[in-house]
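Welcome, and thanks for taking a look at this one with us. Please have the structure open beside you as you read the briefing below.

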Amino acid sequence: MDNQSDHDLNILSSEFIDQIPLIIIGFALDGKILFWNKQAESVTGYSKDEANKAGLSLFSRLFQLDTIKMTQSERAGVFEAIFFEKKQLRKNKASIMSKRGEIRHVQWDSYLLEKYRRDLSTVTVVVGTDLTQSYALQQKIEEKARYIKSVTNRLRKYISLDPHTGLLNYRHFI
């Protein structure tokens, strides 16, 4: 009979996490980054080593949190609450400034993995979805809708005017 461990899939291996098209970052309670996948690197512009050197202060610099005006120390407090006080985020949308200076729109969730390994009792996993393309498409749709509305209003105006005299015609009065 085969040993079950021969068939186990280590879903937290870096090879597996790198294949997932979501931003996945795992932290130990001391703030050390345990995993930082390729998508996290792509969106933020920071490598795992750079993120580890900067620590949690990187997150307070990355997040722009435009909807809530917060000081740098208040931002750091939010992330410390997530990582150390075990508070969880659900569908938290924020803008981040990548290392390259690009504004990226991301939706975040955080999860706690209890008893992750024998040497690490709890790990905080932050999972993010890059919504930047969706935001750009939404802005284009809104721009097109404004254009259509303005053209429609102009057409309504011209339908009611006589082209020769510029006076209101019979359609205006119907």
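**A charged network and its surroundings**

Asp130 and Arg104 form a salt bridge in which the closest N and O atoms are 2.3 Å apart. Asp130 sits in strand S5 (residues 120-130) and Arg104 in strand S4 (residues 103-117), so this pair ties together parts that are 26 residues apart in sequence. Please keep in mind that this is a predicted model.

**The salt-bridge network**

- Salt bridges with shared partners join Arg100, Glu102, Arg104 and Asp130 into one network.
- Arg104 also meets Glu102, side chain to side chain, in a salt bridge of 3.6 Å from N to O.
- Glu102 in turn has a salt bridge with Arg100, and here the N to O distance is 3.5 Å.
- For the model, the count of salt bridges comes to 4.
- As a general point, side chains of opposite charge can pair when their charged atoms come close.

**How accessible the network members are**

- Which class does Arg104 fall into, buried or exposed? Arg104 counts as buried because its relative accessibility is 18%, and the cut-off for buried is under 20%.
- Asp130, the partner of Arg104 in the 2.3 Å salt bridge, is partly exposed, with a relative accessible area of 23%.
- Glu102 counts as partly exposed too, at 34% relative accessibility.
- Arg100 has a relative accessible area of 49%, so Arg100 is partly exposed; the class called exposed begins over 50%.

**Thr122 in strand S5**

- Strand S5, which holds Asp130, is also the place of Thr122.
- Thr122 counts as buried, its relative accessibility being 3%.
- Where does the chain bring Phe27 relative to Thr122? These two residues are 95 residues apart along the chain, and their C-alpha atoms are separated by 8.8 Å.

- Strand S1 (residues 23-28) and strand S2 (residues 33-36) run antiparallel and are joined by 3 bridges.
- Looking across from Ile25, you will find its bridge partner in S2, namely Trp36.
- The hairpin has 4 residues between its strands S1 and S2, and in this hairpin Gly31 takes a positive phi near 90 degrees.

Technical notes. Residues numbered from 1 in each chain as written. Predicted model: local features only at pLDDT ≥ 70, side-chain atom pairs only at ≥ 80, totals over all residues. Heavy atoms only, no water. Buried < 20%, exposed > 50% of the residue type's maximum accessible area, 1.4 Å probe, protein only. Helix = DSSP H or I, 4+ residues; strand = E, 2+ residues; numbered from the N terminus. Pairing = 2+ DSSP bridges.
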